[in-house]
Amino acid sequence: MSADPFCLDSYDYDLPAERIAQFPPERRGSSRLLVLDRDGGRRVDALFADLPGYLPEGALLVANNSRVTPARLLGTRPSGGKAELLVLTPPPLLERAARSEGGGVFSAEAEVLLKPGHSIHPGDRLIFGPYIEALVEARHEFGRHDARLFWRGSLTACLEETGHLPLPPYIRRGQGPEDRARYQTLYARPDKAGSVAAPTAGLHFTDCLRSRLADAGFLWRELTLHVGYGTFSPVRHQDIRQHPMHREFAELPAETALAVSEARRQGRPVIAVGSTSARTLEAAARECGSLPAQGWQGWTDIFIYPGFQFQVVDGLITNFHLPRSSLLMLVSALAGRESVLDAYAHAVNSGYRFFSYGDAMLIR
């Protein structure tokens, strides 16, 4: 394996297929936790329920409250053949930009993923049940298309009734009845239903654990990043610095920005719950020079890899990420590539479960 921190091969590791979690744990919050110290790489095997005992004293936790929307639609093409569409543009943004077509019908321009991409053409009108249609307007690479979506009433409500959860491609099964609840954090907000993938570090938190954290003096604040399908896009360039990072829409409320700034002023650690929270905090700081007291919102394509200078985040709660992925590079930027890969090898050998429904790490 290469030791060059900018070489894609430097982020590879062996992962047996049986380590990839296909189902959530029987009980939410019963996952394991691998604690990794940024200073020296010391590791501790623990349970996620024991998280309060491993967090730095007085830490502020910042979590992503975006909700996974059932954005995968199954319908028909003009020929009568099957069509599958994944709405990539966050539905809350489509609702804001919608124009009225009359008769309770609204429409908006959206980026979508279409299958089968080779037999769907600009000008085709696709039907997805009684509530949603799509007019295909342009084709791009890797199945991405521009389309005008048409819907009746609330788009979010239409998707909830008609759509399916877009489970990650490494979960090799169809959506089951438990996924609607388990592929969703307990604190996901209904008005923030814009993600096509869960901010999975948050899946481990229960109401009981949140109460214990509060009782122990840990603060909790939230932000929103609508997780895009690009989170699963592979890094294709051997020089990772050439990777075109996907864009995602994020919102940092003023309340959270102020709490983070106050924590840093008092010397209390800021722990991001998930890579999406870390990216939002660092994107806001980079865009504005420092965290703006009035909050921030916008699109971000921030790419965090070794050499990145963190301005806000001191620690991270995260799941185990795919080999050669941008998320593994983010974790390596925070804790050191060799230390992270050693921890991953330990996790593989110790039977940890990987990816969305798998176990967690605390990097402190």
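Where is T200 found? T200 sits in the loop between β12 (193–195) and α4 (207–215); helices (H or I, at least four residues) and strands (E, at least two) are DSSP runs, numbered from the N terminus. This is a predicted model, in which local features need pLDDT of at least 70 and side-chain atom pairs count only at pLDDT 80 or more, while totals for chains, interfaces and linings use all residues. Residues are numbered from 1 along each chain as its sequence is written, and side-chain values use heavy atoms, with hydrogens and water left out.

- T200 counts as buried because its relative accessibility is 13%; buried means under 20% relative accessible area, exposed over 50%, and partly exposed in between (1.4 Å probe, protein chains only).
- Leaving aside neighbours within four places in sequence, T200 is in contact with Y183, N319 and S356, where contact means heavy atoms within 4.5 Å.
- R265 belongs to helix α5 and, at 60% relative accessibility, counts as exposed.
- From R265 to L126 the C-alpha to C-alpha separation is 54 Å in space, and the two are 139 residues apart in sequence.

**The sheet**

- An open sheet is formed by nine strands in the order β2-β1-β18-β17-β15-β3-β13-β14-β16, with mixed pairing; two strands pair if DSSP finds at least two bridges between them.
- β2 (43–47) and β16 (296–300) are at the edges with a single partner strand each, so one side of each has no neighbour in the sheet.
- On average, neighbouring strands of this sheet are turned by 20 degrees against each other, direction ignored.
- Strands β3 (residues 60–64) and β15 (residues 270–273) run parallel and are joined by four bridges; A63 has V273 in β15 as its bridge partner.

**Strand β17**

- Five of the five residues of β17 are buried, so this strand is largely enclosed by the rest of the structure.
- In a regular strand the side chains alternate between the two faces of the sheet.
- In β17, G315, I317 and N319 point one way, L316 and T318 point the other way, and all are buried.
- β17 pairs with β15 in the parallel sense over three bridges, and I271 is opposite G315 in β17.
- β17 and β18 run antiparallel and are joined by four bridges; the partner of I317 in β18 is L362.

**Helices**

- Helix α5 (residues 254–265) lies across β3, β13 (219–225), β14 (248–252) and β15, and runs at about 150 degrees to β3; axes are lines fitted to C-alpha atoms, for helices over the stretch in contact, and angles run from 0 to 180 degrees between N-to-C directions.
- Helix α7 (residues 326–335) also packs on the sheet, where it touches β1 (32–36), β17 (315–319) and β18 (360–363), and its direction makes about 150 degrees with that of β17.
- The axes of α7 and helix α8 (residues 337–349) are 7 Å apart, at an angle of about 120 degrees.
- On the α7 side, L328, V331, S332 and A335 meet R337, S339, V340, L341 and Y344 of α8.

- One cavity of 30 Å³ or more is present; on a 1 Å grid over the protein atoms alone, a cavity is a set of points where a 1.4 Å probe fits but cannot get out, and lining residues have an atom within 4 Å of a point.
- Among the residues lining the largest cavity are R28, R182, H204, S356 and Y357.

Terms used. On a 1 Å grid over the protein atoms alone, a cavity is a set of points where a 1.4 Å probe fits but cannot get out, and a pocket is an open set with protein on both sides within 12 Å along at least five of seven lines; lining residues have an atom within 4 Å of a point. Grid points are joined across faces, edges and corners, and a volume is the space filled by probe spheres set on the points.
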